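Let's take a walk around a protein model together. Have the sequence and the 3D view open as you read.

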Amino acid sequence: MKVIIVKDQNAGGKAGYEVFANAIEEGATVFGLATGGTPETTYQEIVKSDLDFSKCTSINLDEYVGLSATDPQSYHHYMQEHLFENKPFKKSYLPDGQATDENAELKAYDQTIQDNPIDLQLLGIGTNGHIGFNEPGSDFKGQTHKVKLTDSTIAANARYFEDETQVPHYAYSMGIGSIMQAKKILLEAYGENKAEAIAATVQGPVSEECPASILQTHPDVTLIIDEAAAKLLKNK
Ligand SMILES: N[C@@H]1[C@@H](O)[C@H](O)[C@@H](COP(=O)(O)O)O[C@@H]1O
């Protein structure tokens, strides 16, 4: 695991952009993408750049169950607003939060991931160490599945909704098994509220209690974290 400690999220966005630019340089064409507050500055730097994704494919980590692609709180909408509007891909995949046949949707998403092996997977991390919406206890070999969100995740994501009662309680998430198949992984984390999860991810035991700890067994992981998120790391 390569750990890059930056001053703040803006510096992190610039470093994150460099990882994307290098990946394209090295021939990457399939990008696993994340949502939430963390990747916003990386997307901002990409939007400002001349990187061209028009021949590339994107596959997002997750989507809330029950939200339409046009719902302002959906991850479809987030991606359109933060990236795709300005940097369109040849093809962009997110789980369909309104799928009528859930099992068919999950199976189809797994097939999409198999058909488009991910070159660079971008991750954020939940305060409980979740990646995508793989909550603690998720199977390390898991494929795309429906997740019941923990109370802490619902509370953490409530800031994007009118109030906490509007946060969906289920999501479709790429499984950890699929995430680990990516050739390269970039995890970003900013803020003191991520310090415990980062310490567990980097220096804790590999345990399903901290889903991101599995990244210790992946051959090519880069962490971009700010000083606050790095606070609990020993001998940094
Ligand atoms: N499904 C998303 C994750 O992909 C994201 O990494 C996490 C952290 O979000 P934030 O970056 O806003 O802290 O929240 C949500 O649970």
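## Ground rules and a charged patch

A patch here is built from residues with over 30% relative accessible area and no salt bridge, where like charges are joined within 9 Å and nonpolar side chains (Val, Leu, Ile, Met, Phe, Trp, Tyr) within 5 Å. Lys and Arg count as positive, Asp and Glu as negative, while His and the chain ends are not counted. Each charge is placed at NZ of Lys, CZ of Arg, CG of Asp or CD of Glu. Keep in mind that this is a predicted model, so local features need pLDDT of at least 70 and side-chain atom pairs count only at pLDDT 80 or more, while totals for chains, interfaces and linings use all residues. Residues are numbered from 1 along each chain as its sequence is written, and side-chain values use heavy atoms, with hydrogens and water left out.

Now for the patch: Asp151, Glu162, Asp163 and Glu164 gather on the surface as a patch of negative charge. Take Asp163, which sits in the loop between helix H5 (151–157) and strand S8 (170–173); helices (H or I, at least four residues) and strands (E, at least two) are DSSP runs, numbered from the N terminus. With a relative accessible area of 33%, Asp163 is partly exposed. On this scale, buried means under 20% relative accessible area, exposed means over 50%, and partly exposed is in between (1.4 Å probe, protein chains only).

## A nonpolar patch

Over to Met1, Val3 and Ile5, which make a nonpolar surface patch of about 220 Å². Areas like this come from the Shrake-Rupley method with a 1.4 Å probe, and for residues only the protein chains shown count as cover. Met1 belongs to the segment before strand S1 (2–6), and its 39% relative accessibility makes Met1 partly exposed.

## Salt bridges

How many salt bridges does the structure hold? There are 7 salt bridges, each being a side-chain nitrogen of Lys or Arg within 4 Å of a carboxyl oxygen of Asp or Glu. One of them joins Lys7 and Asp8, at 3.1 Å from N to O. Lys7 is exposed, at 62% relative accessibility, whereas Asp8 is partly exposed at 25%.

Another salt bridge brings together the side chains of Lys184 and Asp220 (3.5 Å, N to O). This pair links distant parts of the chain, 36 residues apart: Lys184 is in strand S9 (residues 184–189), and Asp220 is in the loop between helix H7 (195–203) and strand S10 (221–226). Lys184 has a relative accessible area of 21% and is partly exposed; Asp220, at 26%, is partly exposed too.

Then there's Lys231, whose salt bridge with Glu192 has its closest N and O atoms 2.6 Å apart. Because Lys231 lies in the segment after S10 and Glu192 in the loop between S9 and H7, the pair ties together parts that are 39 residues apart in sequence. Lys231 itself is partly exposed, at 47% relative accessibility.

## A buried charge

What does Glu63 lack, even though it is buried? Glu63 has no salt bridge, and the nearest side chain of opposite charge, Lys146, is 14 Å away. You'll find Glu63 in strand S4 (residues 62–64). Its side chain does reach the backbone nitrogen of Tyr75, at 2.9 Å. For a polar contact, look for a pair of N or O atoms within 3.5 Å; within protein, one must be able to donate a hydrogen and the other to accept it, and residues adjacent in sequence count only if both atoms are side-chain atoms.

## Sequence distance and space

Gly16, part of helix H1 (residues 9–25), is buried with a relative accessible area of 0%. Gly16 and Thr222 are 206 residues apart along the chain, and their C-alpha atoms are separated by 9.6 Å.

The C-alpha atoms of Asn22 and Gln143, 121 residues apart along the chain, are separated by 28 Å.
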